[in-house]
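Subject: Structure for you to look at

Dear colleague,

I am handing over the structure we spoke about, with the sequence alongside. Please open it first and then read the notes below.

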Amino acid sequence: MSHSIKVTFGLKSVKLSGRMHILLSPLTTEMPIIEAVQYGFTNPPEVQLEFTGAVKSLASLGFVQSQLVSIIQDSLASMLVLPQRMVIPLDLGSYDYFDTY
């Protein structure tokens, strides 16, 4: 007979605080007049996390919380801090990646 233990864990909320740049480019003469939205942070954003379940108990230990935040900040910095940025194409029919950069 096997017994299982139910462990719940999760992330209740994520808050990013920082200065974000949004660039609407390239422009076109047809609707929609913007082909893509580009966004990124000037500096690494401040990250606030709120956990639930078992992770909440672990995160209450200061070093665990700081390590998790540090890992997430490093990941975001490598993807979203200028000159890195994310691009959301609005018009996939005419969108050209090389025109965006």
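The protein chain has three helices and five strands, where helices (H or I, at least four residues) and strands (E, at least two) are DSSP runs numbered from the N terminus. Read along the sequence, these elements follow the pattern β-β-β-β-α-α-β-α. Please keep in mind that this is a predicted model, in which local features need pLDDT of at least 70 and side-chain atom pairs count only at pLDDT 80 or more, while totals for chains, interfaces and linings use all residues. Residues are numbered from 1 along each chain as its sequence is written, and side-chain values use heavy atoms, with hydrogens and water left out.

As for the chain overall, its accessible surface comes to about 7500 Å², of which 60% belongs to carbon and sulfur atoms; such areas come from the Shrake-Rupley method with a 1.4 Å probe, and for residues only the protein chains shown count as cover. Of the 101 residues, 20% are buried, meaning under 20% relative accessible area, whereas exposed means over 50% and partly exposed lies in between (1.4 Å probe, protein chains only). Among contacts (heavy atoms within 4.5 Å) between residues at least 6 apart in sequence, 62% join residues at least 24 apart.

Leaving aside residues up to four places away in sequence, Leu-76 touches Leu-16, Pro-45, Val-47 and Val-81.

Ser-78 is also found in helix H2, and its side chain reaches the backbone oxygen of Ser-75 at 2.8 Å. The C-alpha atoms of Ser-78 and Pro-44, which are 34 residues apart along the chain, are separated by 9.1 Å.

A search of the whole structure finds one salt bridge, that is, a side-chain nitrogen of Lys or Arg within 4 Å of a carboxyl oxygen of Asp or Glu. The side chains that meet in it are those of Glu-50 and Lys-12, at 3.7 Å from N to O. This pair links distant parts of the chain, with Glu-50 in strand E4 (residues 46-53) and Lys-12 in strand E1, 38 residues apart. Glu-50 is partly exposed at 37% relative accessible area, whereas Lys-12 is exposed at 59%.

Strand E1 (residues 9-17) also holds Phe-9, which is exposed, with a relative accessible area of 61%. Together with Ile-5 and Val-7, Phe-9 makes a nonpolar surface patch of about 390 Å²; patches are made of residues with over 30% relative accessible area and no salt bridge, with like charges joined within 9 Å and nonpolar side chains (Val, Leu, Ile, Met, Phe, Trp, Tyr) within 5 Å.

Two peptide bonds deserve a look, given that most peptide bonds are trans. Ser-25 and Pro-26 are joined by a cis bond with omega about -5°, and Pro-26 lies in the loop between strand E2 (20-24) and strand E3 (36-41). The bond from Leu-82 to Pro-83 is cis as well, with omega near 15°, and Pro-83 is found in the loop between H2 and E5.

Strand E5 (residues 86-89) contains Val-87, which counts as partly exposed at 23% relative accessibility. The C-alpha atoms of Val-87 and Gln-38 are separated by 4.4 Å, although these residues are 49 apart along the chain.

Definitions and conventions. Polar contact = N/O pair within 3.5 Å; in protein donor to acceptor, adjacent residues only side chain to side chain.
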